[in-house]
Amino acid sequence: MSKKVFVTRPSLPPLKEFLPYLENIWENGILANNGPFHQELEKTIADYLGVKYISLFANGTLALITALKALKIRGEVITTPFSFVATSHALLWNGIKPVFADIEPETCTLDPQKVEAAITAETSAILPVHIYGYPCRVNELKDIANRNHLLLIYDAAHTFGSRYKGESLCSFGDLSIISFHATKVFNTFEGGAVVCHDPLMKERIDQLKNFGFTGETSVIETGINAKMNEFQAALGILQLKYIDEAIANRKLVSDRYNNLLKEISGITVMPDINGLEYNFAYFPILIDRVKFGKTRDDVYDDLKKHNIFCRRYYYPLISQFTMYKDFKSAAQENLPVATSIAEEVLCLPIYPGLETKKLEEIVKIIIA
Ligand code: T4K
């Protein structure tokens with residue numbers, strides 16, 4: 001049996017390049033709490049992304065939980081069911097009620113019209129997701145938020161390195177959060193960040209991620225421990241040196257898939273989006289059972305038999321999980337597009353170094 005292939009394989013720098021960073025940590029004895037590597041990574045990431053203020057976190061979920069707390073969001077928040085469960089869980093952790101709105105078929109992101117229709121007197125914010133690193137309709141969503149006095153916070157977990165109309169896709173809304181999990185384009189083993197637009201908000205977020213401390217003896221809020229440690233930060237500094245190469249490699253893989261799959265009847269690849277410089281984080285396809293002659297799950301199982309482990313991101317929809325399924329907005333009739341895409345989507349393996357031969361084998365199994 002051939003070697004297992006997963007939906008992703010984490011990018012790692014040469015180990016010998018990381019050892020001097022570890023020696024430095026061992027010498028200094030600073031392992032956590034805004035150490036020198038943490039400070040350096042905050043600066044270099046902000047420069048790389050072209051954003052003003054960024055606050056590093058232990059992971060993306062804690063970044064989102066803390067960002068919602070920093071904005072004092074309450075009541076109901078309109079969000080997408082087509083995402084990783086962390087998006088909605090972060091709302092529940094803050095005592096906020098998620099209200100699900102449907103997505104658009106082209107980019108699988110929140111449909112602004114459905115968002116507007118879901119607004120009630122209890123709505124305080126919108127939480128869209130730039131799913132797979134594809135942009136939401138940022139202008140329309142901003143307009144809806146402004147007209148209805150709502151906050152706008154983006155789950156930009158997938159967007160590291162994606163730019164839209166010249167701006168980092170991590171920089172929209174009142175706040176955006178990113179994930180640096182092992183499975184992401186840029187990883188620090190685990191990690192995450194909040195991107196914000198002013199120094200006071202960054203200060204507040206930095207306090208909240210550090211138990212609410214404002215000084216050695218003063219605590220002003222119920223903060224949490226969500227800090228990134230020095231090991232993660234040191235790795236991030238090194239990973240940044242390779243990020244452009246990694247994205248370029250992902251593009252090669254993506255182009256090969258596109259060439260081989262785009263003309264196949266019953267398979268839809270993601271569209272080219274005007275103004276998007278993509279990070280090639282995922283390679284989702286939609287499989288139309290009738291036109292293609294096989295279901296998505298048939299293809300998923302066929303690949304599995306050959307040791308190729310794709311993922312059905314995002315099936316099931318978040319709205320189908322136990323803690324959400326009884327919400328009125330979770331009803332399938334409210335979410336027809338998301339429901340249909342969740343049945344058809346399959347994310348194919350994509351990572352730097354996925355051999356052309358293996359990729360061709362994957363495509364052959366899909367279309368067999
Ligand atoms: N918002 C969104 C939209 C997100 O997608 C996520 C995370 C978050 C928020 C929260 O961010 P974090 O708190 O995670 O920073 C994975 C990840 O665990 C999760 O981070 C990610 N989204 C989600 C989309 O994917 P699983 O359950 O699919 O992970 P897992 O462990 O099955 O990994 C997938 C494949 O990757 C494995 O089959 C093998 C490969 N892999 C994975 C790991 C962890 C490796 O080769 N090495 C590894 O170390 O959730």
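## Exercises on a predicted model

Ile308 sits in strand β16 (residues 308–309); helices (H or I, at least four residues) and strands (E, at least two) are DSSP runs, numbered from the N terminus. This is a predicted model, where local features need pLDDT of at least 70 and side-chain atom pairs count only at pLDDT 80 or more, while totals for chains, interfaces and linings use all residues. Residues are numbered from 1 along each chain as its sequence is written, and side-chain values use heavy atoms, with hydrogens and water left out.

**Exercise 1.** Work out whether Ile308 is buried or exposed.

*Solution.* Start with the cut-offs: buried means under 20% relative accessible area, exposed over 50%, and partly exposed in between (1.4 Å probe, protein chains only). Ile308 has a relative accessible area of 0%, so Ile308 is buried. Now try a distance: from C-alpha to C-alpha, Ile308 and Arg256 are 17 Å apart in space, and they are 52 residues apart in sequence.

**Exercise 2.** Find the strand order of the open sheet of three strands, then say which strands stand at its edges.

*Solution.* Strands pair here if DSSP finds at least two bridges between them. The order is β8-β7-β14, and the pairing is antiparallel. β8 (167–168) and β14 (276–277) are the edge strands: each has a single partner strand, so one side of each has no neighbour in the sheet. Next, zoom in on one pair: β7 (residues 163–164) is joined to β14 over two bridges. Across from Tyr164 you'll find Leu276 in β14.

**Exercise 3.** Sort the side chains of strand β17 by the way they point.

*Solution.* Then look for a partner: β15 (residues 283–287) pairs with β17 in the antiparallel sense over four bridges. Ile285 is the residue opposite Leu346.

**Exercise 4.** Locate the cis peptide bonds at Tyr313–Tyr314 and Tyr315–Pro316.

*Solution.* First, a bit of background: most residues other than glycine have a negative phi, and most peptide bonds are trans. Between Tyr313 and Tyr314 the bond is cis, with omega about 15 degrees. Between Tyr315 and Pro316 the bond is cis as well, with omega about -5 degrees. As for location, Tyr314 is in the loop between β16 and α12 (336–344), and Pro316 lies in the loop between β16 and α12.

**Exercise 5.** Find where Asn33 and Asn34 lie, and read off phi for each.

*Solution.* Asn33 is in the loop between α1 and α2 (36–49), and Asn34 has its place in the loop between α1 and α2. Phi is near 65 degrees for Asn33 and about 55 degrees for Asn34. Neither is a glycine, yet phi is positive in Asn33 and in Asn34. To finish, check accessibility: Asn33 is partly exposed at 47%, and Asn34 is partly exposed at 43%.

**Exercise 6.** Which residues lie nearest the centre of the largest pocket?

*Solution.* A pocket is, on a 1 Å grid over the protein atoms alone, an open set of points with protein on both sides within 12 Å along at least five of seven lines; lining residues have an atom within 4 Å of a point. The largest pocket has 30 lining residues, and Phe84, Val85, Lys184, Tyr313 and Tyr314 lie nearest its centre. Finally, ask who contributes: α3 gives the most to the lining, with three residues.

Conventions
On a 1 Å grid over the protein atoms alone, a cavity is a set of points where a 1.4 Å probe fits but cannot get out, and a pocket is an open set with protein on both sides within 12 Å along at least five of seven lines; lining residues have an atom within 4 Å of a point.
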